[in-house]
Protein chains: 4
Amino acid sequence: MEGIGKLTTTRVAERAGVSVGTMYQYFPHKQALLYAVLEQYLEHVVIAVEQACERLAGTPLAEMTEGLVHSYLEAKLRHMPGSLALYAIAADLDTAMLIADVTARVDRAVRRLLLSAPDAVFDDIDKVTFALRTLLVGTVRAGLEHDASPTTLAMLRSQLPLMCRAYLVAVSRD
Amino acid sequence: MEGIGKLTTTRVAERAGVSVGTMYQYFPHKQALLYAVLEQYLEHVVIAVEQACERLAGTPLAEMTEGLVHSYLEAKLRHMPGSLALYAIAADLDTAMLIADVTARVDRAVRRLLLSAPDAVFDDIDKVTFALRTLLVGTVRAGLEHDASPTTLAMLRSQLPLMCRAYLVAVSRD
Amino acid sequence: MEGIGKLTTTRVAERAGVSVGTMYQYFPHKQALLYAVLEQYLEHVVIAVEQACERLAGTPLAEMTEGLVHSYLEAKLRHMPGSLALYAIAADLDTAMLIADVTARVDRAVRRLLLSAPDAVFDDIDKVTFALRTLLVGTVRAGLEHDASPTTLAMLRSQLPLMCRAYLVAVSRD
Amino acid sequence: MEGIGKLTTTRVAERAGVSVGTMYQYFPHKQALLYAVLEQYLEHVVIAVEQACERLAGTPLAEMTEGLVHSYLEAKLRHMPGSLALYAIAADLDTAMLIADVTARVDRAVRRLLLSAPDAVFDDIDKVTFALRTLLVGTVRAGLEHDASPTTLAMLRSQLPLMCRAYLVAVSRD
DNA sequence: CATGAATGAGTGTTCATTCAT
DNA sequence: TATGAATGAACACTCATTCAT
């Protein structure tokens with residue numbers, strides 16, 4: 001909630017540079033507005049992940065993990081202002097479907113990426129995809145939510161790729 | 001949110017079997033009540049982690065990670081009903097200090113545990129502790145928040161220890 | 001609208017000597033409150049009519065009409081304060097059923113009264129009942145709504161019974 | 001209110017085939033617009049009554065009442081769509097003067113009509129005029145406001161002339 | 001001490017009105 | 001002159017908090 005104070009419709013509208021009335025001309029109710037913001041934010045992140053996966057296809061695990069973590073972190077940080085507040089808000093919204101969609105897209109991209117690895121073969125690709133995605137998303141959030149200091153960031157930047165790679169190597173055949 | 005409806009003071013009081021008035025005799029305001037609930041919940045989890053760490057001290061990495069993940073998951077699941085709602089609520093509270101305390105205690109326990117490992121030596125123990133804790137906490141939350149089905153749980157139970165162990169091995173000297 | 005200004009919930013509550021919050025403890029929403037007030041008002045009037053009809057049963061037409069008009073006017077005037085405002089409000093409410101109920105009760109009473117007349121016999125009792133009730137209700141309202149001065153009242157008091165009697169005589173067999 | 005929805009300025013303007021802005025070029029505010037509509041509607045009815053009175057002048061009471069009721073009912077029905085909504089709206093407007101004007105014109109016409117009756121003489125012509133007008137206006141409104149079905153209409157068409165004539169005969173000298 | 005009715009500030013939402021195009 | 005997006009005051013309703021019993 002930090003920099004935003006209570007997310008009242010009036011405050012949100014003012015922050016957006018319009019009046020409440022105007023806001024209600026574009027969104028039928030508060031939930032719809034918040035949903036739209038969340039959607040847009042998630043879209044940015046998903047696209048970043050999809051592009052990273054495409055770009056990294058066929059590279060060795062070390063490069064993959066490094067690149068994936070890097071892109072995800074960058075995407076999240078680029079939109080940090082609202083990012084955190086959004087997670088808190090998402091609980092009140094009916095975001096199940098939205099989240100499911102986004103998750104599915106990320107998983108599709110990650111899965112393809114993993115399958116393209118020249119130096120690893122995964123027996124249960126779906127399980128590994130789920131695990132890697134959960135690891136990536138969860139760790140980043142947990143790492144940044146209470147303190148997004150440069151120190152914390154540096155730790156994530158250095159350790160997360162390691163985690164991912166180590167895990168993938170561990171579950172890869174041969 | 002579902003099962004709890006809106007967390008109004010009256011509803012919370014009724015659910016606790018007392019009247020609003022009585023509740024206000026024990027807690028100066030809503031935040032204090034929520035803070036107390038959060039505190040108690042975190043205390044349970046922290047104690048579970050501390051005990052696990054003590055119990056697992058001196059065991060090989062494989063046993064450590066397996067045991068730690070198991071204990072953490074059990075502790076979280078034992079209080080799942082409120083657990084998720086709490087995360088949403090925590091955002092409104094000024095929980096920085098509380099979280100910091102809890103985090104510090106967990107880190108202390110984990111650090112001691114890692115240092116006791118017979119089959120691993122860590123150069124930067126603080127960084128590793130932070131990373132492991134973030135991995136554990138973040139992945140569990142991300143894994144369960146949108147769907148706590150048995151399938152998901154099974155995945156966490158099988159993959160999380162793997163992740164932890166693989167990471168620790170990767171950052172351990174020799 | 002006169003003495004009440006806009007019927008905002010806050011104003012209504014204040015006028016009732018309580019706060020908005022208290023009002024909402026007794027009525028789920030504004031409509032329900034207004035409905036309840038309208039209901040109570042109509043109940044008073046209906047009871048007055050029913051009692052008048054019972055009391056006047058068996059009396060000659062002249063006495064009947066005189067008594068009925070007198071009772072109806074008294075009942076309406078006793079609650080004049082809100083009476084007018086209510087009619088304006090009733091339009092927004094879903095009062096169809098309420099009005100239908102009240103109308104049916106009045107018709108039942110009036111019908112019985114007419115049937116008890118010693119000096120008149122009506123061929124189509126239902127049509128006459130409807131007509132008499134409409135005449136009574138409509139004329140009183142039209143007479144008082146824009147000016148409830150003593151002069152107007154006196155006119156209604158003297159002419160309405162005449163109208164009713166003349167009509168009933170006209171439609172009565174022999 | 002059904003068929004009209006909420007009478008917002010925008011909706012009214014759209015229904016009139018112009019934009020809100022244009023509407024505000026012709027009417028300084030909503031009340032003025034509504035006032036104008038009411039005025040026009042009342043004008044139609046008054047003119048109908050005036051013409052009927054002129055046409056019926058000198059005819060016997062039976063024809064007079066029949067013709068007057070017929071013309072009034074036709075005039076009201078011709079504009080039924082808005083007619084009812086208007087009554088509800090009129091409450092918010094400051095229509096006292098408008099209503100007074102219209103009433104005076106109707107009374108003038110009716111008075112002249114009554115004085116022209118070849119088969120009746122009225123001692124207090126003003127009182128009778130007031131009574132007859134109130135009877136006519138009130139009964140029609142009360143009869144139609146909650147149900148303008150053909151049955152109801154038929155009842156009004158048959159009974160109202162009877163009421164008027166019976167009353168006039170009753171108050172007429174000899 | 002426990003209660004829960006009363007309070008009223010605060011929130012989401014609407015809609016009459018304005019004004020830049 | 002016509003438009004309709006923008007405005008914000010005003011309203012219905014909620015809920016944390018108090019206090020008489």
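Predicted model: local features only at pLDDT ≥ 70, side-chain atom pairs only at ≥ 80, totals over all residues.
As for labels, residues are numbered from 1 along each chain as its sequence is written, while chains are lettered from A and ligands numbered from 1 in the order in which they are written.

**Chains D and C**

- The same surface serves both copies, with 96% of the contact residues of chain D recurring in chain C; "in contact" means that the C-beta atoms of two residues, placed from the backbone, lie within 7 Å.
- On chain D, 27 residues are in contact with 26 residues of chain C.
- Three helices of chain D, α6 (96-115), α7 (125-145) and α8 (150-171), each supply at least two residues of the side that touches chain C. Helices here are DSSP runs (H or I, at least four residues), numbered from the N terminus.
- The most comes from α7(D), which gives 11 residues to that side.
- By type, the side of chain D that touches chain C has 18 nonpolar, six polar and three charged residues. Nonpolar covers Ala, Val, Leu, Ile, Met, Phe, Trp, Tyr, Cys and Pro; charged covers Asp, Glu, Lys and Arg; the others, Gly among them, are polar.

**Helix α7 of chain C**

- Helix α7(C), residues 125-144, has 20 residues and reaches 28 Å from its first C-alpha to its last, close to the 28 Å expected at 1.5 Å a residue. The expected span is 1.5 Å times one less than the number of residues.
- Since 17 of its 20 residues are buried, α7(C) is largely enclosed by the rest of the structure. Buried means that 20 or more other C-beta atoms, placed from the backbone, lie within 10 Å of the residue's own.

**Chains A and B**

- Chain A goes onto chain B with an RMSD of 0.3 Å, by a turn of 179 degrees and a shift of 0.1 Å along the axis.
- These two copies are thus related as by a two-fold rotation axis.
- In chain A, the C-alpha of G138(A) is nearest the axis, 2.1 Å from it.

- Of the 30 residues around DNA strand E, T8(A), H29(A), G21(B), G21(C) and T8(D) come nearest; a residue counts as near if its C-beta atom, placed from the backbone, lies within 6 Å of the strand.

How values were computed:
Least-squares fit on C-alpha atoms with pLDDT ≥ 70 in both. Buried ≥ 20, exposed ≤ 12 C-beta atoms within 10 Å, placed from the backbone.
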